[in-house]
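My notebook is open, and I want to see how the parts of this model sit against each other. Here is what I am looking at.

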There are 4 protein chains.
Amino acid sequence: MRIGVLTSGGDAPGMNACIRSLVKTGAGRGHVVVGIERGYAGLIDGTAKELGLADVDGISRRGGTMLGSARCKDMMTSAGQARAAEHIAALGLDGLVVIGGNGSLTGAHVLASRADVTAPIVGVPASIDNDLGCTSLAIGVDTALNTIVEACDRISDTASAHRRVFIVEVMGRQCGYLAMRAGIAAEADCILYAEKHISEDELVIKLRALIRMSFADARAKRRVLIVKAEGVRVPTSRLVERLNVHLEEDAPGVDIRETVLGHVVRGGAPSVTDRVIAQRLGFAALQVIEDGVSDVMVGWEPAGGVGDKTDDHSIRRVPLTTVLEETARLLDGTSPVTQGRLRLLAQVEGLLAL
Amino acid sequence: MRIGVLTSGGDAPGMNACIRSLVKTGAGRGHVVVGIERGYAGLIDGTAKELGLADVDGISRRGGTMLGSARCKDMMTSAGQARAAEHIAALGLDGLVVIGGNGSLTGAHVLASRADVTAPIVGVPASIDNDLGCTSLAIGVDTALNTIVEACDRISDTASAHRRVFIVEVMGRQCGYLAMRAGIAAEADCILYAEKHISEDELVIKLRALIRMSFADARAKRRVLIVKAEGVRVPTSRLVERLNVHLEEDAPGVDIRETVLGHVVRGGAPSVTDRVIAQRLGFAALQVIEDGVSDVMVGWEPAGGVGDKTDDHSIRRVPLTTVLEETARLLDGTSPVTQGRLRLLAQVEGLLAL
Amino acid sequence: MRIGVLTSGGDAPGMNACIRSLVKTGAGRGHVVVGIERGYAGLIDGTAKELGLADVDGISRRGGTMLGSARCKDMMTSAGQARAAEHIAALGLDGLVVIGGNGSLTGAHVLASRADVTAPIVGVPASIDNDLGCTSLAIGVDTALNTIVEACDRISDTASAHRRVFIVEVMGRQCGYLAMRAGIAAEADCILYAEKHISEDELVIKLRALIRMSFADARAKRRVLIVKAEGVRVPTSRLVERLNVHLEEDAPGVDIRETVLGHVVRGGAPSVTDRVIAQRLGFAALQVIEDGVSDVMVGWEPAGGVGDKTDDHSIRRVPLTTVLEETARLLDGTSPVTQGRLRLLAQVEGLLAL
Amino acid sequence: MRIGVLTSGGDAPGMNACIRSLVKTGAGRGHVVVGIERGYAGLIDGTAKELGLADVDGISRRGGTMLGSARCKDMMTSAGQARAAEHIAALGLDGLVVIGGNGSLTGAHVLASRADVTAPIVGVPASIDNDLGCTSLAIGVDTALNTIVEACDRISDTASAHRRVFIVEVMGRQCGYLAMRAGIAAEADCILYAEKHISEDELVIKLRALIRMSFADARAKRRVLIVKAEGVRVPTSRLVERLNVHLEEDAPGVDIRETVLGHVVRGGAPSVTDRVIAQRLGFAALQVIEDGVSDVMVGWEPAGGVGDKTDDHSIRRVPLTTVLEETARLLDGTSPVTQGRLRLLAQVEGLLAL
C-alpha cells in the first residue's frame, strides 16, 4: 500500500517520531510511505516525496516536524478540498494519516466524508495544549509541560531572590490543562484557568488576599507564583496593574512581574512519553488503514485495571465526529472531563484555583 | 492528627514532591507531619522532626530525598521491628506513610500486621525500575526514563560519528521496563530484556544478523544501538567480547562499545509527571490515613474510558499483600502485565526484542 | 576576621557559588563569614547571620541567591548610606564583599569612600548582561547565554516547521553582548544590537532584503532568525508590524512572529564556567580583604600567552572608579571593547549585524 | 578556492559548528568547501562531497560530526600517507582543514611536511579532554564539562540521600583538566588527577582521613564526592575495595560507590562556548589558507588586558611542531601549564587535590 502522511497546524514535539513510526513499521509490512509537505498546503499543490528509512533516521529526538506544517486557508474552501482529493488519487495513496490538532482533524473529517475520496483517512492527535477530546494525551503535551515547568523553576529562582509575585502566562487559549498541570508541578500558589469564568474584581480580591497571606511572615515565604492560562479573559498586564496599586500596602518591599511563555514552549527535543505515544499512535494509524477503516482518530487511552504497564489495550479508534464534538465541549467547559478537573483542584487544598 | 513519613530504599526523583504534598495538604487539614530520617533506620532509633511549610518550600524540583534514605538490615529482625513499633507510639503518630519500593512496602506490611501498631500504615510506590505491582507508574520512573534516553541520544551522536555498535546497559535487575521504553524512545535497534530468557548463543546469532544487516549498506546506517536490561543473564562485557570476534567480518570498519548507565540515572530534577504523580499519591495517602485504613498502597491507575484528563478516578487503594504478590509475579515474569509487554514488542515490528 | 557578604541588584546564576567560596575558603583560613540579606536593604536595617559550611552545602548548583537581593532606593540617599556604614561597624565587619552589577558596585564605591567606613569594600562582578567594564566575563553571563540559545533552538524547530521569520528579543538594555554571542551560536541570520545606532527605515530596508534573499529558493531555507538586543530603539512589535506589510510580497507563504526572552533567562542551574568563575572571584575577594585593600573590584581576565589553562594569572584588582568609568563607556558605545566587537561581526561574513 | 575539511579522532561537540563556519563564511568569500568523510580514512579512499549551505543548516546544535570520524591505522603508514596526498591533489584541494586532537594534528603535520602536498594544511583543536598545547580551550571541552557536572549533580542527589562516598571517574587519560574543573564546579571534596603521581597507600591514608572528618558530625555532612581522572594509576575499583575495608570504622552507616562517566559524556548539543569557539576557529582556519600558510594550528588564546570582550585578538597561529611538543609536555606533566594548575589547586583551600 502507499500511505500518505502530513503534519498540520501548530507543530508539536513528537510529530517526527510518529512519522518515523509509519515509515519504519510500514517498511516492515511492505508499504511505501509518502511524506506530504507543509500540511494541507502540500496536499493541495501535490508537494510530496517517498520516505525511506534513511530519511527518518534519528528524527525522533528532533522537535518540530520534518515535513513542515502550515495553517492552510485554501483547505477551508471547497475548491481547495477538491484539489486535495484529486492529489490523494494522483499520488496513488491507499490511505492518509493526518497528524495535528482540532483544525487538522476537522480537515481530515471533511476529506473522509467526500465521495471522491476512497482512501481511508485517519487522524493522530497532536497539540501541545491537550485540548482534544477522546484522547487522554495528545502528542507534544508532555514535552511542553516539562518545558513550562523548567521555565517556572528558573523564574522561581529569581522571584525567591527578590521576594516577588510572578504571573506566568502559558499557552492554552480555551483549555487550562497546561496551566493546571504545570502549576501543580511548579509549586504555584495559584492557578488561573480558562474554564472557570470569574470576574476581574473577584480575581483581584482573591489574589490580594493570597499575596497578603503569603508574605505575612517576612521570613517564611519568598515568592508567589501564579500560573495563568492564555484563555483567561482578564489580560495579564491588566491584572499586574491592578495588583500593583495595593502591593506596597499588601506586602511591603515586594514587587510584581509578568512573563508570557509563548513560542519558547513549542519546540525542543521530545520527552520519552511523547516519543512513545507518537510511535504507538503512528503504528495504530497504520493498522487502521490496513483494516480499511476511515474517518477515525486513534486516541491514547490508558486501560483501566491493569494500567499502562500492559501497553496493549491503550489505544482506541474513535469516529472523528465524536472527537470533534467532545473537543468542542472541552473548549466551552461543559465536558465532564472539565468538571473532573475542577473537582480535582478543589481537592488539592492549599492550591488556589481561580 | 500526627502523621509520620519516611522514604526508604533507593531514592527516586519525586520523593520530595510527595513529602511536600503531605505537609502542604496536611497543614490545610489541620495535621502535623513528622519527617522520619533515613528510612526505617530513623524509625528504629527515633530520629524525627516536625516539618513546616518553610521546610518543604521549593523541594519538589530537587532529586533525592530531603529525609534521607537507607537500606536497613535491622528492620528485617523482629527486635528492629519491635523498636520501630515502639517509636511509632512514642512519636505519637496517628498514621505512617512509607514511600519506597518492594523492600520498603514489605516493611510497611510487616508493621501494619503487628498487634502493637494501631496507627494506619500506608505505602506509596517509588522505584525508578517500575518493578512494583498494582500501579502503572511508580514515582521516579518517568524521570529515570528521560535521563536514560538523553544519555542514549548523546551516545547516538558519538556512535553515528564512528559507525559503531553500542550496548547500553540500564537499571532493572529483574524488570525490563526501563530498557523497553527507553529503547523505543531512543530509536534502539534492539532491546534485551530480563523477562525473556534467551541463551547466550542464540543472542549472539541474532545480534550478528542484526549487525550484518544494519551495516550492509555502507552509506545508509551509521550506528546500531542495543539497550540491555541489567537483569539479562549474559554479562555485557561477555557479549561485546563474543560479537567482537566476528565484527570485522560482519561489518568491516565498525567497532563495538559498551556503557553502563548506573547511578547517573537515579538523581536529577523530577519530571512533571513524577512531580504530579507524587503529589497526587501523597494526598491520597493522607486521605487513607484520615479514613483509618491500614496495610494498603495507593496505586496510580489511569481510569479507562475518560482517561487521565479527569484526574479524579485514577488512584486506587490496594492491600499491601496483593501488591507484594503481584510484584513477585512481575519480577519472575509470570504476570499478565509482562505477557502484555511481550505482545507489544512483538507488534512494534522492526524493533528486535530479545 | 569577620567578613560580610551581600548580593545586590538583579540576581545572576553563580552568585551562590561565590557565597559558598567565601564561606568555605574563609573557614579554612580562620575567618567568619556574615551573610547580609536582601542586598543593601539588609545592610541598612542590619539583617544578617553568620554562615557555616552546612548553610552553603550544595548551593553552587542553585540559581538565584540564597541571601536574597533587592534594588534599594535608600542606598541612594546619604541617610541610607550612613546607616549602612553604621551597620558595617555594628556587625563588627573587617571587610565587605559586594556581589552585583553596575548599581551595586556604585554603592560599594560610595561606601568605600566614606571616612566612617574603615573595613575594606570589594566588588565582585555579577550581571547576566555582561555590561561591566574591566572583566571579560561577569558571573551569570555564560548561563544566561546557554539558556537563551536553548530557547532559540526550540524556536528554530517551530520556525523551520512553518517557514517563519522570528524576532527574538534578549536582555541587554545598553549592551548587545548577549544578542551577539547568542546569535552566533544559534545560527541567527541577523543580529540587532544596541551599540549600533541605525534608523528604523534603514533597518526595515535591510531586513526586507534579508527576508527576500533567504526565502528566494522555496526549498532551501526554512526560517529566518533575528536576535535583537533589548536596547535597540525600535520596538520589536513595531518592526514586526512594518515587515508584515510587505511579507506576502517579499516571501509568499511566510509569516513573522516575535518573542521576548525576559525573566525566563535569569535563573537556572549555573553552568560550569559560572560556577568556576564565581568560586575563583570569591576567593580572590577574600584575599583582597586579607591584604587590607579597599575600593576595588576583582575582574576575570584570561592571561595572554599561556592562557586559561594556567588558571593562576587570570584575576586582577581594578579600582572601582576605573571599573565604573569603563562601564559607562561600554554602555554608551565609545569603549574600544565595543569597537572590537563591531570589527569582529563585520569579519564573520554572512552574519548580518545591524 | 576549493577547501577540504575532515574531522578525525574522537568526536567532540562543536565540530559541526566548525564545519558550518567554513561552508558559510567560505560561500561569502567565493570558496567551495569539500567535506571528506570518516577522517583520514575518507581522504585515503577519496570519499568526499561538496557541501552547500543547505547541508549545514541547523547542524551547529548537533553533537557528533556530520562528516563522520574514525581512527585510521592506514594514515600511520607511508603508503596511506601517499594515497592521502594523491587524493588532496585529485580532489583539487587548495587547502585542507583538519579538526581533531593530538593524533589528528600529528597526521596534519605529516601531510604538511610532504613535498607532494602543496596545499596548505591547517589544524583546528578539538578534544573533550583539553589535552592539547597552545590553545586554552579545545572544541568540545566546555560541553563535556557541563555534561560531567550535571551527572555529578545527579549523583550528589543520591549520595546525599544515602550518606555515601562516591568516586566518579571522568575522561582524561593523561590530563586531569576535566577532573579539576568538574570537581570545583560540582563541590567535590577531593580531586584525584593524573599529573600528580601519588602512591596507592598514600591515597588511601588521605582519603580515609577525608572520610572520617567529613562524616564526623552525623548531621552536617551527607556525602563525600571524589572526582578522579581516568589517568590516575590506581584503578577506581581497587580504591573502593581498600576504602571499604575500613569504612564502617571510619564512618558508621556510610557506604561507598563508584561510577565511570565514559561515552555518555562525549555527545550532546554543544554549549554556547563550544559553538562560538568552533565558528571563530573555523573562520580563522579559512583565513590561514587564504594567506597560503601551512603546517599551523589556530589556537584559542584569550588576549591579555582587554580580555575576551574584544573578541578580535584571541586567535593565534602556532606551528604544528610547537603544538605537538607542548602537547607532549602537557601529557607528561612537565609543562608550566600543569605546574600552574597545581599551584591553583593548592590555593583553593579545603579542596583536597591528590
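I started with the two domains of chain A: taken over C-alpha atoms, the centres of domain 1 and domain 2 are 35 Å apart. Domain 1 of chain A covers 2-140 + 270-335, and domain 2 of chain A covers 145-266; these bounds come from an automatic or database domain assignment. I then looked up their contact, which takes 10 residues from domain 1 of chain A and 10 residues from domain 2 of chain A. For me, two residues are in contact if their C-beta atoms, placed from the backbone, lie within 7 Å. On the domain 1 side I find three nonpolar, four polar and three charged residues. Here Ala, Val, Leu, Ile, Met, Phe, Trp, Tyr, Cys and Pro are nonpolar, Asp, Glu, Lys and Arg are charged, and the others, Gly among them, are polar.

A note on the source: this is a predicted model, where local features need pLDDT of at least 70 and side-chain atom pairs pLDDT 80 or more, while totals for chains, interfaces and linings use all residues. Residues are numbered from 1 along each chain as its sequence is written, and chains are lettered from A and ligands numbered from 1 in the order in which they are written.

Next, the chains. I see 25 residues of chain C in contact with 25 residues of chain A. On the chain C side, α6 (141-162) and β9 (255-260) each supply at least two residues, and α6(C) gives the largest share, nine residues. Helices (H or I, at least four residues) and strands (E, at least two) are DSSP runs, numbered from the N terminus. That side of chain C divides into five nonpolar, 14 polar and six charged residues.

Which chains do not touch chain A? Chain D is one, with nearest C-alpha atoms 10 Å apart. Chains B and C share no contact either, and their closest C-alpha atoms lie 10 Å apart.
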